[in-house]
Amino acid sequence: MRTDVVAALTPAVRRDELALHLIGGPYVVEAGCRRELPENSRRVLALVALRPEWLSRVTAAGRLWPGGDEHRAAGNLRSALWRMRGAGIDIIESDRSALRLRPDALVDLRLAEDWALRMIDGCPTSTDLATIGWQAHAFDLLPSWYDDWVVLERERLRQRMLHGLEAMSRLLVREARPAQAVKAAGLAVSTDPLRESAQRVLIEAHLASGQLTTARRCLHRYRAVLEAELGAAPSAELAALVG
Amino acid sequence: MTTSLRLLDGSHAVLNGRRTELPETGLRLLVLLALRDRPMTRSAAAAALWPDRPPIRAAGNLRSMLWRLDCAGCDLVESASTLLLLRAGTVVDVRDLVDRARHLIRGRPMLVDLHPSAWRRVPELLPGRDDEWLEPHRDHLRLLVRSALRTLSRHLTQSGRYAAAVEAALAAVALDPLDESARIALVVAHLAEGNLIEARRAAATYRGIALRELGVEPNQQLMALLHTAPPRPRATQA
């Protein structure tokens, strides 16, 4: 599956390991089999997975079942963990007072953000520039969840991925691969047509492949969209790119 | 051999090269000393640990706490007449974090701290523990890191590293969604990158949260940013 973040970014030897998918998830894949999570443990797993370290049971229960009844919240948490174990999904480590994700579990969110960071830092691995496709899905972090802690994390990943795609496009232009650069930039633009930094790399990629007319058309289209949606105009720097 | 005290990923000490769990009894004292870079008088420590006890009782409690720390093989605290301090040369992870944050705030950051991944995991003091006495220490630490992240974001914006600038501001926002200066840093970073739409969305998100949580409109400064020409430093994206 080319569009799967874990498959695209994990070396073949590790693909059989336990993987947690938060993008389009949450669900768990173990030894190639997708395992659905019991309904009431999904939120527990997502909360634990978004935290980099141990999370106290009291904090977790308070976050997931706010409203004051601590005993009840603690009971709900115990039951959610118990059900997950009952379903044979052993991905959370716990002790008497705290929980964390098993440190050896692959997490698609971490893989995606590390990929984007390598782009932004300008030091991609040999395979990083080869794959384009899974990135389009990376924006669906825990889709249709609206808790504050999810919304913030989704926005952080969105910014990281858009900057990653923009950086990827610039790297490809530098490597004289303008067609792929157009593709990477196009993905950023289609994700957010109003974002100027995405439009800029798309125009630059078209210019790098000698497509001045296409570059101009991109600018005109962007100008029209921006005018219609925001009543604003592209920056002078952007306009200057195509003369 | 180095002695170290680790309070940011679980809690343990490395004494003479050997990992030692920290005894429950002395933990509060160790945290108190770890967060200060100066020695503390015995009476001040006792008063901080047992504020509602008479001084003579608090002093007794402190003596017994020190004695138990020693018994547990955790001889990390030195006492010199009336002063208490961590054993000389002890490396403390949380103090390292405090130093890094202060360097950033004073505008003398270490190179590695200019990278957003250095702040991706904003560590928490004794993660997984849920003790009331810890909260003020955690708040203090979060406040310091938040302030460092805002400074970092502004610095990165000025040097044209917009991706990192946006992330530093978002990390500060995650520590406190109502931190208006962090929200402003985020809007400024988006504007400097030329992303008016992102700036407007960030401002609208904050406005929604401020109205919902505080019942007030955001500071005029934030909204005014959206209608003025943004500063556009001439620099390349790093």
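1. Of the 13 residues in helix 5 of chain A, 10 are buried, so this helix is largely enclosed by the rest of the structure. The model is a predicted one. The buried positions are D108(A), L109(A), L111(A), A112(A), E113(A), W115(A), A116(A), L117(A), M119(A) and I120(A). The list includes D108(A) and E113(A), which count as charged.

2. What covers these buried residues? The cover includes helix 1, strand 1 (19-21), strand 7 (106-107) and helix 6 of chain A, together with helix 6 (162-175) of chain B.

3. The length of helix 5 of chain A agrees with expectation: at 1.5 Å a residue its 13 residues should span 18 Å, and the end C-alpha atoms are 18 Å apart. After the helix comes G122(A), with a positive phi near 75 degrees.

4. The contact between the chains takes 25 residues from chain A and 22 residues from chain B. On the chain A side, strand 4, helix 3 (57-64), helix 5 (108-120), helix 6 (148-174) and helix 8 each supply at least two residues. Helix 6 of chain A gives the largest share, 7 residues. By class, the side of chain A that touches chain B has 11 nonpolar, 7 polar and 7 charged residues.

5. Chain A also holds an open sheet of 3 strands in the order 4-6-5, with antiparallel pairing. Strand 4 (55-56) and strand 5 (92-94) stand at its edges with a single partner strand each, so one side of each is left without a neighbour in the sheet. Strand 5 is joined to strand 6 (residues 98-101) by 3 bridges, and within this pair I92(A) has L101(A) as its bridge partner. Helix 2 (residues 42-50) of chain A packs on the sheet and touches strand 4, strand 5 and strand 6. The direction of helix 2 makes about 80 degrees with that of strand 6 of chain A.

6. In chain B, strand 1 (residues 3-6) pairs with strand 7 (residues 90-92) in the parallel sense over 3 bridges; here S4(B) is partnered with V91(B). Strand 1 of chain B also pairs with strand 2 (residues 12-15), in the antiparallel sense and over 3 bridges, with H12(B) as the bridge partner of R6(B).

7. On confidence, chain A averages a pLDDT of 90, and 98% of the residues score at least 70.

Note on methods. Residues numbered from 1 in each chain as written. Chains lettered and ligands numbered in written order. Predicted model: local features only at pLDDT ≥ 70, side-chain atom pairs only at ≥ 80, totals over all residues. Pairing = 2+ DSSP bridges. Helix = DSSP H or I, 4+ residues; strand = E, 2+ residues; numbered from the N terminus. pLDDT = per-residue confidence, 0-100. Contact = placed C-beta atoms within 7 Å. Axes fitted to C-alpha atoms, helices over the stretch in contact; angles between N-to-C directions. Expected span 1.5 Å × (residues − 1). Buried ≥ 20, exposed ≤ 12 C-beta atoms within 10 Å, placed from the backbone.
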